[in-house]
Amino acid sequence: MSSRRDEILDAAVRVLGTEGPRGLTHRAIDREAGLPLGSTANLYGRRAELLQGIVARMEELDRAQWGREPGPVQDLEALAHALERLIRAVAEPPLNRVQKARYYLQMELPEETAETNRRLGAELRQMVRALGGTAEGTGVLLATLDGLMLRGATYGPDALPADGEMAAALLRLMRGD
């Protein structure tokens with residue numbers, strides 16, 4: 001069951017991903033969440049508090065998505081294919097709105113979002129190493145993932161490389177080829 005906080009923050013992510021930073025108002029969030037006017041302001045009176053809440057919620061959503069998509073992977077090839085599926089999912093609704101909201105947050109709160117990115121990056125780096133990959137390629141891997149997700153979320157799934165191409169490139173990065 002979703003809490004009122006989660007309802008508000010999920011609505012805020014949708015509004016931010018659709019309307020951008022200027023459209024992110026307490027009233028717009030209340031309307032999107034189907035809540036009485038003032039509900040968002042009661043929990044997040046200041047915009048800075050709201051943005052901090054969205055950053056925290058985005059990390060929760062990332063972890064939930066990561067837990068669903070890769071699942072237990074046995075080797076680097078399976079991880080590469082799971083990452084390709086994740087990139088493709090981000091290019092389609094509803095995840096493309098979440099990804100667009102992430103980009104807006106990166107511009108509004110670069111330090112806070114960088115910290116979240118570091119934590120998630122460290123977990124991916126650890127997973128790659130545990131599966132026999134090289135740590136040296138993970139910086140480029142993370143940047144490549146960022147670029148592919150940006151391309152997919154911005155221009156749509158047709159702008160992404162063909163099936164299998166991304167997984168092959170990601171696999172080469174994880175192996176250090």
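**Before you start.** The model is predicted: local features need pLDDT of at least 70, side-chain atom pairs count only at pLDDT 80 or more, and totals for chains, interfaces and linings use all residues. Residues are numbered from 1 along each chain as its sequence is written, and side-chain values use heavy atoms, with hydrogens and water left out.

**Stop 1: the largest pocket.** Select Asp62, Gln99, Arg102, Leu120 and Met149. Of the 35 lining residues, these lie nearest the centre of the largest pocket. A pocket here is an open set of points on a 1 Å grid over the protein atoms alone, where a 1.4 Å probe fits, with protein on both sides within 12 Å along at least five of seven lines; lining residues have an atom within 4 Å of a point. The volume is about 870 Å³, taken as the space filled by probe spheres set on the points.

Now colour the helices, which are DSSP runs (H or I, at least four residues) numbered from the N terminus. Helix 1 (4-19), helix 4 (47-68), helix 5 (76-90), helix 6 (95-108), helix 7 (110-130) and helix 8 (138-155) each supply at least two lining residues. Which helix gives the most to the lining? Helix 4 does, with 9 residues.

Colour the lining by class. There are 19 nonpolar, 7 polar and 9 charged residues. Asp, Glu, Lys and Arg count as charged; Ala, Val, Leu, Ile, Met, Phe, Trp, Tyr, Cys and Pro as nonpolar; the others, Gly among them, as polar.

**Stop 2**

**Stop 3: helix 2.** Select residues 26-33. Ala28, Ile29 and Asp30 are buried, meaning under 20% relative accessible area; exposed is over 50%, partly exposed in between (1.4 Å probe, protein chains only). Gly34 follows helix 2, with a positive phi near 70°.

**Stop 4: two single residues.** Pick Arg97 in helix 6. Arg97 is partly exposed, at 30% relative accessible area. Finish at Gly132, in the loop between helix 7 and helix 8. Gly132 is exposed, at 60%.
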